[in-house]
Amino acid sequence: MRVMIVSALTLLRAFGRDRAVVALAFVAPLTFFSLLGLFYRHLDAPEGMRFRIAIVSPQSGASEPLVAALVARSGGRLDVRRADRSTERDGVITIDDAFDAHSPAVNIESLAPLPGIGDALRQLVAAASADAFAADNPCVMVTDSTVEGRLLRRNAAAIPVMFILFALSSLAGRGMGDDETGLAERLRSLGISRSRRTFARVIAMATIAAVQMGMTLAFAILVFGVTPISPLGLVAASLASAVACASFVVALTECCATRARFAAVAPVVTLAFAGLGGSMIPVEMLPRSLAWPSQWMFTGWSIRACGAALDGKPWLGSVALLLGFTVVMLVVASAAGRRSPFR
């Protein structure tokens, strides 16, 4: 019994000496509960999740009563305003210059990743039409140019990023265990420097990540019919994402230095980047206080790059950010590796 008590106290003292592990053990659960709690509170609030709807129409003409009625009905979940197409919006109502009583045509387009927004826009146009033209009662013709399966297409880009980080973290942990059992020393005796081993690990992990990304996207394309509008952009975004994920995990292993610390830190960091980057919950569904970090996270850049290629939107900027991030992570890994006990 005494041996058991002494052993338990020894383990507790070792745990308490590592402040980073202590902080993660007790702070991380509260942090992630807060993330999900704020999300669900935002989802349930009457005006928590609002969809920004842009009205694109001529500044004058027969459509003005309809535009005024659409804006007047703004409220609740829908924030309806007149804007141009360059404005970032979750949906667009387009009224052509030729709109009149003989050709009352309106086009709607849902840009949000969630289903049902198109139906909400259709109902909005019908109600606004009744308000605007009660006397003349024209039948407004509504066409819908929404690309179907937007949420499915978005998940095809988001899910692989999260599982790539999980897989590479597991692989990195095993590699650190091998280093601690003497592999690093044997490689050093063969003249293989720490920097070369670091680059070799990045290459190996990037290859695995690229295969994971490719398999998931191929499955989405072949089984679920998710067709990329820009195949070249999707290949570039996938490769850039794979290299960025690999360099990040390698840099994290070098900064942690020991397998025990990496085992404690990696799951929390992975979940943080996956959750706030948009892999777990679409960024569009998060409150602004939780959504803004995604624009600074490589996971958010990866998801946006792949999603843009799938939707045929500009993807080059996100790919450039991923490549720049990779370079920074390689520099961090190289600098941290010089202080490693397994040089």
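Setting aside residues up to four places away in sequence, phenylalanine 248 touches Leu165, Val269, Phe273, Phe298, Phe325 and Met329, where contact means heavy atoms within 4.5 Å. The model is predicted, so local features need pLDDT of at least 70 and side-chain atom pairs pLDDT 80 or more, while totals for chains, interfaces and linings use all residues. Residues are numbered from 1 along each chain as its sequence is written, and side-chain values use heavy atoms, with hydrogens and water left out.

With a relative accessibility of 8%, phenylalanine 248 counts as buried (under 20% relative accessible area, with a 1.4 Å probe and protein chains only). The largest nonpolar core holds 47 residues, and Leu168, Phe248 and Phe298 have the most contacts inside it; such a core is a set of buried Ala, Val, Leu, Ile, Met, Phe, Trp, Tyr and Cys residues joined through side-chain atoms within 4.5 Å. Two or more residues each come from α5 (150-180), α7 (194-224), α8 (231-256), α9 (259-277), α11 (298-311) and α12 (316-337), these helices being DSSP runs of H or I with at least four residues, numbered from the N terminus. Helix α8 gives the largest share, 13 residues. Another core, of 29 residues, lies apart from this one and includes Ile55, Val80, Leu121 and Ile281.

Turning to the rings, the whole structure contains 8 aromatic pairs, counted for Phe, Tyr and Trp (its six-membered ring) when centres lie within 6.5 Å. Phenylalanine 248 and phenylalanine 273 make a tilted pair, at 4.9 Å centre to centre and 55° between the planes; planes under 30 degrees apart would count as stacked, and over 60 as edge-to-face. Because phenylalanine 248 sits in helix α8 and phenylalanine 273 in helix α9, the pair ties together parts 25 residues apart in sequence.

Technical notes
Buried < 20%, exposed > 50% of the residue type's maximum accessible area, 1.4 Å probe, protein only.
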